[in-house]
Amino acid sequence: MERRIAKIQKELAPDELLIISEDINRFYFTGFRSSAGLLFITRSDVSFYIDFRYFEKAQSEIKHCAVSLLENTEKTLNSYIQKHSIKTIFLETSYASIDKISAYRKMVPENCEISLDSRINDKILEIRAIKSANEIHNIKEAQRLTDETFFYILDRIQKGRTELEILLEMEFYMRKQGSEGVSFDFVVVSGKNSSLPHGVPSKKPIEDGDFITLDFGAVINGYRSDMTRTVAFGRVNDSQKEVYETVLNAQNQALAQIKPGAVCKEIDEVARKYIYQNGYEGCFGHGLGHSVGLEIHEAPSFNTKDSTVLRPGMVLTVEPGIYLEGQFGVRIEDMVCITETKYENITKSPKELIIL
C-alpha cells in the first residue's frame, strides 16, 4: 500500500491534493473494504476519513495512514485545504460524475481549483495495470474456481434445462466453493441466443444442435476472473464446426504474439485479420480482450485503438468471437498474465470443441 501511495505522491506538487472516493480505488490504496470514505493524498501526507459505521474497524486494520472520523465532508475538506495550503484538487476522472464535480466545487474556497485534468487518474490506472504477486495469486485462485465450475456444470447441462437454470446452478456452486460473489452477470445463452455477445439468460431450454456460450467468473479477495467457453449439445453441423475452429485458430494466433513489448492493438489485429480473411468480416464486433483485476474491465485492452505496450504483471483476456445473426455465436476466452519473457495462460479449461 505504501509503495502504491508513494508513486502517486511523486506526481503531486506540494499544493496539490488527490481525493480518492471510489470503492475500488479506496480498497486498492488502503486494503480496507467499505461503501464510503475519503482518502486524501498529498505529496507529504496521507489521511483516511471514514464515517462511524466503519471507524472502529478502519482504525484497527489500516496502519499506513492516519484514520479519522468523518462527520462533515465540507468542514473536513476545508480544514484540510487550509492546513496543507492546497490550491488544486484532483478527482478520479474515470469515475467522477458531473454531480460529484459540482458538489466539490461548491464545497471548496474560490481560490482552490477542482481540476479535470486526467493526469493523476491516468497514473492510478497505470499503477493498477501492473499486478503484484499477491494480486496475481488472487486472480489465479478466482480462475481456478471458475475452471472448477466449468467442469461441474458440464455434467449438468441436459436437454430441456433452461439457460437460467444452468446459470443459477453455476452461481450457487461457485459461491458454495468460496467465491465472494460473481465477477459480473453471467452470460449463459444457447442456440440463436448465442449470436448475442452479451445476451441475457432466458427460459429457453437446451435443444439438440445448440451451441451454448458460458461466460462467467469468480471473486477471491476482491479480485476477479473471466472466461468463456462455447460447447455444443447433441450434434453440430459443418458451419458450426468451421466457425468454432476459426475462433480457436484466431485465439491461438493472437496468443502466439503476446509478450512484453508487444502493442495491444497489434495483438487485436492478428485475431481480427484471421477472422476477416476467413470470410467473417463484420461478425467480430468487440475488442479482443481487456485487463482484469479488482474490476472486470480495466486498462489496458486488446482492441483496435489501444497503443499500450505490454509489460510484465499485466493480466488480460483474449476472447475472439464470431456471431452470426439469427443463427449462433462462438466465443473462446482465456486470461493471460504477461511474464518477463512471454505469458502464462491462467485459464486451464480445455478448448477443443466439446459435444455434450
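Which strands, in what order, make up the open sheet of 3 strands? The order is β7-β8-β11, and the pairing is antiparallel. This is a predicted model, in which local features need pLDDT of at least 70, side-chain atom pairs count only at pLDDT 80 or more, and totals for chains, interfaces and linings use all residues. Residues are numbered from 1 along each chain as its sequence is written, and side-chain values use heavy atoms, with hydrogens and water left out.

Helices (H or I, at least four residues) and strands (E, at least two) are DSSP runs, numbered from the N terminus. Two strands pair if DSSP finds at least two bridges between them. The edge strands of this sheet are β7 (187-190) and β11 (227-232), each of which pairs on one side only. From one strand to the next, the twist averages 10°. Strand β8 (residues 211-216) is joined to β7 by 4 bridges, and these two strands run antiparallel. Opposite V189 stands T213 in β8.

Helix α8 lies across β7 and β8, running at about 150° to β7. Such angles run from 0 to 180 degrees between N-to-C directions, and axes are lines fitted to C-alpha atoms, for helices over the stretch in contact. Contact means heavy atoms within 4.5 Å.

The loop between β7 and β8 holds E207. Is E207 buried, exposed or partly exposed? With a relative accessible area of 41%, E207 is partly exposed; buried means under 20% relative accessible area, exposed over 50%, and partly exposed in between (1.4 Å probe, protein chains only). E207 and I157 are 50 residues apart in sequence, and their C-alpha atoms are 10 Å apart in space.

## The sheet of 6 strands

Another open sheet has 6 strands in the order β4-β3-β2-β1-β5-β6, with mixed pairing. At its edges stand β4 (66-69) and β6 (113-115); each has a single partner strand, so one side of each is left without a neighbour in the sheet. The twist here averages 25° from one strand to the next. Strands β5 and β6 pair in the parallel sense over 3 bridges. The bridge partner of F90 is S115 in β6.

Helix α6 packs on this sheet and touches β1 and β5, its direction making about 55° with that of β1. The buried residues of α6 are I120, N121, K123, I124, I127, R128 and A129. Among the elements that cover them are α1 (2-9), β1, α2 (23-30), β5 (88-90) and β13.

## Two packed helices

Two packed helices are described by the angle between their axes and the distance between the axes. Helix α4 (residues 73-84) packs against helix α5 (residues 98-107) at an angle of about 60°, and their axes are 10 Å apart. Their crossing is right-handed. A crossing is left-handed if the near helix is turned anticlockwise from the far one by less than a right angle, and right-handed if clockwise.

On the α4 side, T73, E74, L77 and N78 meet Y104, K106 and M107 of α5. By class, this contact has 3 nonpolar, 2 polar and 2 charged residues. Ala, Val, Leu, Ile, Met, Phe, Trp, Tyr, Cys and Pro count as nonpolar, Asp, Glu, Lys and Arg as charged, and the others, Gly among them, as polar.

## Salt bridges

A salt bridge is a side-chain nitrogen of Lys or Arg within 4 Å of a carboxyl oxygen of Asp or Glu. By this rule the model has 26 salt bridges. The table gives some of them.

| Pair | N to O distance |
|---|---|
| R119 and E16 | 3.6 Å |
| K131 and E298 | 2.8 Å |
| E169 and R156 | 3.5 Å |

R119 counts as partly exposed at 33% relative accessibility, whereas E16 counts as buried at 12%.

K131 is buried, with a relative accessible area of 5%, and E298 is buried, with 10%.

E169 in helix α8 (residues 163-176) and R156 in the loop between α7 and α8 are 13 residues apart. R156 is partly exposed, at 28% relative accessible area. Salt bridges that share partners also join R128, K131, E295 and E298 into one network.
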